[in-house]
Amino acid sequence: MMGYLNGIKMLYYQLKYKELKLDGKNQLPKNAFLQIRAGGRITLKGNVQLNRNTALMSSGGHIEIGENVSFNRNSIAVSKQRISIGKNTRIGPNVCIYDHDHNFDYENGVNINEFKCSSIEIGENCWIGANVVILKGVHIGNNCVIGAGVVLGEDVPAHTLVKGNRDIEKVKIR
């Protein structure tokens with residue numbers, strides 16, 4: 001029964017979004033969410049597994065997910081430019097991947113309609129731990145582990161383990 005319902009949901013999304021490309025079988029539970037707007041695209045290369053409350057949202061960007069990639073519950077990827085995730089990568093629960101920031105200046109604060117964008121690339125055979133945040137412009141090489149709770153704003157070379165620093169630094173912005 002679950003396979004039948006998954007098939008219906010996939011068919012629904014394919015009919016709703018011509019910009020959605022599905023290769024092979026993919027798993028999308030009833031409360032996972034895909035959204036494509038403003039000329040965006042999403043490509044799932046096969047055997048992609050989205051868990052409960054996972055969202056892939058492309059608003060003008062392209063999200064490309066390789067074969068055998070899994071997203072654990074409550075994870076989100078939002079693209080205004082490009083997010084690419086290599087095959088055999090595992091995304092833990094509550095992971096946030098954003099290829100853009102809202103524009104901010106000290107005089108006017110946050111402009112909700114202006115963005116600074118830069119592509120994200122996550123290599124093959126990576127493990128992204130729980131509660132990780134991956135910021136715009138980050139490139140993660142193949143065979144990397146990003147430990148739980150890391151906020152990642154810089155590139156990671158292949159075959160690297162990134163552990164979080166639990167120290168908090170407070171910087172006055174004004």
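**Overall fold and nonpolar core**

In this predicted model, the protein's secondary structure amounts to one helix and 20 strands. The radius of gyration comes out at 17 Å, close to the 16 Å that the globule rule gives for 174 residues, so the protein is as compact as a globular protein of that length. Laid along its principal axes, the C-alpha trace spans about 55 × 35 × 25 Å.

As for burial, 40% of the 174 residues count as buried. Turning to contacts between residues at least 6 apart in sequence, 15% join residues at least 24 apart.

Then there is the inside of the protein. In soluble globular proteins, nonpolar side chains tend to be buried together. Here the largest nonpolar core holds 38 residues, and Leu56, Ile128 and Ile140 are the ones that touch the most other members. Two or more residues each come from helix H1 (2-16) and from strands S1 (20-22), S2 (33-37), S3 (41-44), S6 (62-65), S9 (82-85) and S14 (120-122).

Leu56 deserves a look of its own. Setting aside neighbours within four places in sequence, Leu56 is in contact with Phe33, Leu34 and Gln35, with Ile42, Leu44 and Leu50, and with Ile63, Ile65, Phe71 and Ala77.

Technical notes: Residues numbered from 1 in each chain as written. Predicted model: local features only at pLDDT ≥ 70, side-chain atom pairs only at ≥ 80, totals over all residues. Heavy atoms only, no water. Core = buried A, V, L, I, M, F, W, Y, C linked by side-chain atoms within 4.5 Å. Buried < 20%, exposed > 50% of the residue type's maximum accessible area, 1.4 Å probe, protein only. Helix = DSSP H or I, 4+ residues; strand = E, 2+ residues; numbered from the N terminus. Contact = heavy atoms within 4.5 Å. Rg over C-alpha atoms; globule rule 2.2 N^0.38 Å.
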